[in-house]
Structure formats: structure tokens, C-alpha cells
Amino acid sequence: MTKRKRRALIWVGAIFGVIVIAVAIFIATLDVNRAKGYISAAVATATGRELRINGDLNLDLGWISRFSASEIQFQNAEWSKHPQMAEVGLFDVQIDLWQLLTKFRLVLPAVTISQPKVVLEKNADGSANWEFRAATAVTEPVPEQRSEFPVIEKLIIKDGMLLFDNRESKTQIELKIAEAEGAGFLETPVKLKAQGTYQKLPLTLSVDGGSYEN
């Protein structure tokens, strides 16, 4: 190798190194909280409802990246007496970038949801709060293969509450989850265990299902 080629390679390597360092510094100092407005706008366009993220957004990049958001509120239907259809104290998700880049598969090693509160209801006219007026304007492609669905290796839910209120049939169901944990992968069976109360009675739930492929 001639001196000129060696010098050119050194310069290319140095420039590449500076770019990598600059990108790393940019990502490290990036304020992900600026994304709140874009996220809220996208949800409003898709559903016609307001999404608020009152806490912080956090992003920790790596081969196993981690994203979290806190104090989330999703607006309910206008006719509901409950102002929020869904509230989450903390949403924390890990993303396997290696699987995403090499196999184009969205794998989430762990998803933790703390203090979720979900209200599903129908009014006396039969309208449901999960029917969104703007949803028909958004068309999302449906995965053709089960492997195209996001794979959650571990799911943890803490201090959750689900309220179903059907005023049309005068039925009300309340489910509280003290802690639930699910596990499974593309090839391994899916398992779910939960403890809480159902209609104010003690509840223990255990589910064993097939793998994502099966």
C-alpha cells in the first residue's frame, strides 16, 4: 500500500470516526420530549381523541434499546362521565435492534405497564367509547404472517384496573390486577399468570397457550 493510499484511508477513518462521535453526542443530548407533540398529533389524527403525556419521555439507545413514557392520559368519548378512557402511570418497553436490523422482526424483550386504568363502556343508545370517528380515515396494512406481529418476550402489568360499563344492557364488570406477568416467544409457548380481584372477589388466572408460530 502506498503512502498516499494509507494517508487517504487514515483521513477516511478519521472522518468516519468524527461522524460517529458526532451522531453519538447528538443522540445523547437529544431531548426526546420534543416528540410529545408529534405523538399526540398522530393519535388525534387517527382517533379524534386527545393523548397527553404529562410525564417525561426517555430513550436509551443500544442493541437492546429502552423507551419509556409516564403519566399518559387518553381522552374518553364526549358523552362519558369518565374524562379518560385510558390512563397509564408508566409505560416501559425494550426493543431488540439487532432482531429488527438483521431479521426485520419487531421483538420486545420486555414490556412493563404500571398503574393502567382502562374504561370500556357503551351508552344507552349503544354507542361505544372504543369507536373512533377518525379511525375510518386511517388504513393500516394487516400482517399476513403471524411472525409479522410484534413479539413480546415478557409482559408485566402492575396495579391495573379494567372497568366495563354497558348502560344499554345495564351490565358493569370491574377487574383489578395486582400483578400479571406473561412470557413467550416466536417458537416457545405463551404463558400468562395474574392475581387480582374480579367483581370484588379474589382472582387467580393462569393461561398456557401455543407459540406465536403455532
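Student: Which strand gives the most residues to the lining of the largest pocket?

Tutor: This is a predicted model, in which local features need pLDDT of at least 70, side-chain atom pairs count only at pLDDT 80 or more, and totals for chains, interfaces and linings use all residues. The largest pocket is lined by I39, L51, I53, L57, F67, A69, I72, V88, F91 and I113. Two or more lining residues come from each of β1 (51–53), β3 and β4 (84–96). With 3 residues, the largest share of the lining comes from β3.

Student: What is the volume of the largest pocket?

Tutor: On a 1 Å grid over the protein atoms alone, a pocket is an open set of points where a 1.4 Å probe fits, with protein on both sides within 12 Å along at least five of seven lines; lining residues have an atom within 4 Å of a point. A volume is the space filled by probe spheres set on the points. For the largest pocket it is about 340 Å³.

Student: Is W63 buried or exposed?

Tutor: W63 lies in the loop between β2 (57–60) and β3 (64–75). Buried means under 20% relative accessible area, exposed over 50%, and partly exposed in between (1.4 Å probe, protein chains only). Because its relative accessibility is 55%, W63 counts as exposed.

Student: Is F185 buried or exposed?

Tutor: F185 is placed in the loop between β10 and β11. Its C-alpha atom is separated by 6.4 Å from that of V151, 34 residues apart along the chain. Because its relative accessibility is 17%, F185 counts as buried.

Student: Which residue takes a positive phi in the hairpin of β11 and β12?

Tutor: Two strands pair if DSSP finds at least two bridges between them. β11 and strand β12 (residues 201–209) pair in the antiparallel sense over 9 bridges, with Y198 opposite L201 in β12. The hairpin has 2 residues between the strands, and the one with a positive phi, near 55°, is Q199.

Notes. Residues are numbered from 1 along each chain as its sequence is written. Side-chain values use heavy atoms; hydrogens and water are left out. Helices (H or I, at least four residues) and strands (E, at least two) are DSSP runs, numbered from the N terminus.
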